[in-house]
Amino acid sequence: QLQLVESGGGLVQPGGSLRLSCAASGSSLDYYAIGWFRQAPGKQREGISCISVSGSSTNYADSVKGRFTISRDNAKKTVYLQMNSLKPEDTAVYYCAAFKTAVPSIASTQPSWYDYWGQGTQVTVSS
C-alpha cells in the first residue's frame, strides 16, 4: 500500500521560497503519477501541479505558473515542489497525491484521479 508523507512547509515572508517534499513508502513510485494540491480555509481543494510517471509531462495551475516547479526522483521515491516568489494567497495546507497508471506520460490536476493522499503540510506566507 502506497503511503505519502509531505514535508518542508512552514512560515515564510512574501517573496520567499520553500521546497516541499513528498516521500513515498510501501511501494516504488515507478508507476504513479503525482499531483500537488492545496486547500486554504473556506476554499475548495485546488490542483496546482502534477507530473507524469516519466517526468516528461508537467502541468501547473495559472495561479502558480512561472513560480512553482515540480520534479521527481523515482530512485529516492520523492517528488518535490519548489515554490518561489511566494505570496500571501499561497497560504494553505499542501497535499501530494498519487494515482497508478500504465501510461508514463499522463498527468492530471483533477483530485478525482487520485487514490492515495498524504496528510498535508502547512504553508503560511506572511510578513
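The legends below describe close-up views of a predicted model.

**View 1. The disulfide between C22 and C96.** The model holds 1 disulfide, which joins C22 to C96 with an S to S distance of 2.1 Å. The torsion about the S-S bond of C22 and C96 is about 70°, so the disulfide is right-handed. Since C22 belongs to strand β3 (residues 18-25) and C96 to strand β9 (residues 92-100), the pair ties together parts that are 74 residues apart in sequence. C22 is buried, with a relative accessible area of 1%, and C96 is likewise buried, at 0% relative accessibility.

**View 2. The cysteine C50 and its distance from C96.** The cysteine sulfur closest to that of C50 is in C96, and it lies 13 Å away, which is too far for a bond; the cut-off for a disulfide is a sulfur pair within 2.5 Å. C50 counts as buried, at 0% relative accessibility.

View 3. S21 is placed in strand β3, where it stands opposite Y80 in β8. With a relative accessibility of 15%, S21 counts as buried, because the cut-off for that class is under 20% relative accessible area. Once the neighbours within four places in sequence are left aside, the contacts of S21 are V5, E6, S7, W36, T78, V79 and Y80.

**View 4. The largest nonpolar core and the contacts of V79.** In soluble globular proteins, nonpolar side chains tend to be buried together. The largest nonpolar core of this model has 27 residues, of which W36, F68, V79, L81, M83 and Y94 touch the most other members. Two or more residues of this core come from each of the elements β3, β4 (32-39), β5 (46-51), β7, β8, β9 and β11 (121-125). Apart from this core lies another, of 7 residues, among them A33, A97, F99 and A107. Leaving aside its neighbours within four places in sequence, V79 is in contact with residues including L20, S21, C22, L29, I34 and W36, and the list for V79 also includes I51, I70, S71 and R72.

View 5. β4 and β5 run antiparallel and are joined by 5 bridges, and the bridge partner of F37 in β5 is G47. These two strands, β4 and β5, form a hairpin with 6 residues between them, and G42 in the turn has a positive phi of about 75°. β5 and strand β6 (residues 58-60) also run antiparallel, joined by 3 bridges, and here the bridge partner of I51 in β6 is T58. The hairpin of β5 and β6 has 6 residues between its strands, and G55 in the turn has a positive phi of about 85°.

Note on methods:
Residues are numbered from 1 along each chain as its sequence is written. This is a predicted model: local features need pLDDT of at least 70, side-chain atom pairs count only at pLDDT 80 or more; totals for chains, interfaces and linings use all residues. Side-chain values use heavy atoms; hydrogens and water are left out. Helices (H or I, at least four residues) and strands (E, at least two) are DSSP runs, numbered from the N terminus. Buried means under 20% relative accessible area, exposed over 50%, partly exposed in between (1.4 Å probe, protein chains only). Two strands pair if DSSP finds at least two bridges between them. A nonpolar core is a set of buried Ala, Val, Leu, Ile, Met, Phe, Trp, Tyr and Cys residues joined through side-chain atoms within 4.5 Å. Contact means heavy atoms within 4.5 Å.
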